[in-house]
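Dear colleague,

Please find below the structure I am handing over to you. My findings follow after it, arranged by topic.

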Amino acid sequence: MSASPDSTHAALFGDENTLSTEAHPGATPSISSDVSENDTARCSHIASVFADPSAKAGITDKYRTVVAWHARRTHDALHPAKRRKISSPTCNTCNQTLSRPFVCLHCSFAGCWLEGHISNHLTEAGHTFSADAKSGSVFCSECDDFIFDDTIDDLYLATVVSVEERNTKFQVADRGREPYQPWVLSEEESEALKDAITVPCQGRRGLLNLGQTCFLNVILQSFIHNPLLRNYFLSDRHNSRLCKHSDCTCCEMDNLFTEIYSPTNTPYGPTSFLATTWKVSAEMSGYAQQDAHEFFIAALNQIHGTCRGSTNISCNCIIHQTFAGQFQSDVTCEKCGNVTSTIDPMLDISLELRTKSGEAAGDNTLASCLRRYTKAEKLGAREYSCSKCTKASHEAVKRLSIRTLPPVLSFQFKRFEHKTSGKAASQKIDAPIRIPVTINMAPYTTLAMSMTGKDAEAGVPGPDAMYEYDLFAVINHEGQMDNGHYTNFARFQDEWYRFDDDKYALDCLPLPYDLTFGRVTPSTLGDCLASNAYMCFYVKRHLDYKPYMKPTYRLARENDIVREQAMEREKEAARMKELEDTLMAMV
């Protein structure tokens with residue numbers, strides 16, 4: 001659907017004399033006009049523009065408008081097709097409708113990239129910069145290339161976040177999200193860090209195989225590269241020196257992160273972690289081959305049991321803050337329409353690689369597995385008894401959905417079949433599975449499945465970011481059930497690595513850090529996606545938070561500080577009393 005260029009451009013991109021100055025509350029970065037002469041990596045043309053306050057204001061205001069338009073346009077998470085109903089600008093040269101316009105940051109021109117109309121305009125008009133409305137990338141005609149600038153990068157993130165804040169209205173009593181505020185060092189914090197010594201760390205350290213312990217090592221690597229667990233243990237939220245628990249898995253996690261994020265890059269043997277696992281989990285003890293998923297669940301339970309904030313009801317430990325979500329099972333009676341809903345907790349999702357008929361699916365993808373997982377299935381009369389119908393039981397329809405999405409999604413593909421009879425009592429399913437680097441979980445939520453009519457057409461409330469997840473670790477299994485081996489891929493920042501505790505990585509690429517004698521091999525995202533996954537882990541792109549409420553971890557930390565201060569005062573008072581008693585005895 002083509003929109004009028006005049007109305008669309010005037011509303012979205014302004015005109016040549018008046019740039020849009022629409023305010024975008026939220027996190028607005030401070031744009032410094034200081035230009036470093038030695039900053040060779042920065043585009044000199046954008047640096048000179050930012051040195052002029054009036055030119056800087058014009059460019060940044062126009063850039064905000066362009067990015068905010070696309071962020072508002074892609075707000076609908078469930079029905080992207082509905083976006084076609086929203087007016088889009090057209091190319092000023094060929095009149096083609098632009099779903100992804102490139103906009104001149106000096107005037108109201110919008111053009112297409114593939115035909116070169118936007119670059120032709122910049123050359124003919126003598127203008128320098130244009131911006132991609134989708135990605136926020138800025139093209140400089142003088143450099144004849146896309147440029148990176150930290151100010152533009154901060155401005156893009158701040159604008160997108162502010163749009164998301166305004167479009168999220170359902171978290172607490174229909175109130176909008178609390179405006180994001182970046183962390184700024186206080187004078188006290190700056191003074192504390194003034195003389196701090198930076199300790200080099202790399203976070204890419206191989207783990208030694210201690211005797212068929214590859215199942216343990218791949219799970220530990222997934223923990224190490226889990227951003228929530230990493231931030232928790234590296235921020236000293238659990239200190240093994242102060243812990244009073246015996247055989248504490250949280251202490252083992254604390255020691256593990258200390259070892260991994262240290263200057264040492266030689267392979268590390270998690271002997272104490274293995275010993276603690278044997279003590280607290282009898283089923284995991286010994287040198288027999290174990291299942292990585294079973295150890296994953298056992299490790300989560302062990303960490304939960306020894307972690308601060310662990311409770312049986314509404315647990316606030318790091319495991320439940322990271323992995324815990326909720327399933328909802330809805331059973332609908334086909335006679336009376338009565339719906340019985342059951343809510344169950346979840347720490348991971350186990351997906352079938354076979355169809356209901358028992359045959360391997362022809363095209364296995366993570367999305368197709370999730371569709372089968374949440375697909376409605378019929379229950380027989382003997383499988384369900386309706387509490388509302390007074391007569392005999394009738395057939396019913398059962399559907400599973402995700403009621404609450406966790407910050408980290410863990411998927412396991414059921415590759416191991418255990419049969420009770422027959423010659424092949426146990427076998428492995430080697431069916432390939434394609435996993436994406438990002439996944440939108442909105443279609444599989446209870447909220448999406450319960451919406452009908454106009455509500456369904458309107459889509460799921462909230463921006464895409466509330467449902468989008470990014471891949472950060474994959475676990476693979478090679479071989480058969482009785483003689484297999486686990487390896488895994490993990491992402492560190494924007495780089496991918498392969499971890500294999502069975503061999504040394506002597507063929508790895510030259511890097512600034514020495515991995516030539518470790519069990520860590522630099523890899524690529526393509527190799528990771530092409531591998532046959534057994535487990536995969538996704539982290540939510542933007543974490544949810546309750547507006548205008550202090551996080552529970554901060555409240556817990558403040559209470560701990562008050563309690564520690566009170567204990568110190570009691571110790572000091574006892575010491576002074578002991579000193580006074582000693583002096584009185586001497587007199």
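Is tyrosine 538 buried or exposed? Tyrosine 538 is buried, since its relative accessible area is 0%. Please keep in mind that this is a predicted model.

**Aromatic pairs**

The structure holds 17 aromatic pairs. Phenylalanine 296 belongs to helix H11 (residues 292-306) and phenylalanine 323 to helix H12 (residues 318-323), so that the pair links distant parts of the chain, 27 residues apart. Both phenylalanine 296 and phenylalanine 323 are buried.

Tyrosine 538 forms a further edge-to-face pair with phenylalanine 411, at 5.9 Å centre to centre and with 80° between the planes. Because phenylalanine 411 lies in strand E11 (residues 408-414) and tyrosine 538 in strand E19 (residues 533-540), this pair ties together parts that are 127 residues apart in sequence. Phenylalanine 411 is likewise buried, at 0% relative accessibility.

Ring pairs also join Phe223, Phe296, Phe323, Phe472 and Phe537 into a cluster.

**Nonpolar cores**

The largest nonpolar core comprises 54 residues, and Ile219, Phe223, Met253, Phe323 and Tyr486 have the most contacts inside it. Helix H7 (residues 214-224) contributes the most to this core, with 8 residues. Apart from this core lies another, of 32 residues, which includes Leu370, Ala442, Tyr467 and Cys536.

**Tyrosine 486 and histidine 477**

Leaving aside residues up to four places away in sequence, tyrosine 486 touches several residues, among them Cys214, Phe215, Val218, Ala292, Phe416, His477 and Tyr534. Histidine 477 is placed in strand E15 (residues 468-478). With 9% relative accessibility, histidine 477 counts as buried, because the cut-off for that class is under 20%. Histidine 477 and alanine 292 are 185 residues apart in sequence, yet 9.2 Å apart in space, C-alpha to C-alpha.

**Positive phi values**

Most residues other than glycine have a negative phi. Asparagine 95, which is not a glycine, has a positive phi of about 60°. Asparagine 95 sits in the loop between helix H3 (53-73) and strand E1 (102-104), and is exposed, with a relative accessible area of 53%. Glutamine 212 also has a positive phi, near 55°. Glutamine 212 lies in the loop between helix H6 (187-194) and H7, and is partly exposed, with a relative accessible area of 39%.

With kind regards

How values were computed
Residues are numbered from 1 along each chain as its sequence is written. This is a predicted model: local features need pLDDT of at least 70, side-chain atom pairs count only at pLDDT 80 or more; totals for chains, interfaces and linings use all residues. Side-chain values use heavy atoms; hydrogens and water are left out. Helices (H or I, at least four residues) and strands (E, at least two) are DSSP runs, numbered from the N terminus. Buried means under 20% relative accessible area, exposed over 50%, partly exposed in between (1.4 Å probe, protein chains only). A nonpolar core is a set of buried Ala, Val, Leu, Ile, Met, Phe, Trp, Tyr and Cys residues joined through side-chain atoms within 4.5 Å. Contact means heavy atoms within 4.5 Å. Rings of Phe, Tyr and Trp (its six-membered ring) pair if their centres lie within 6.5 Å; planes under 30 degrees apart count as stacked, over 60 as edge-to-face and the rest as tilted.
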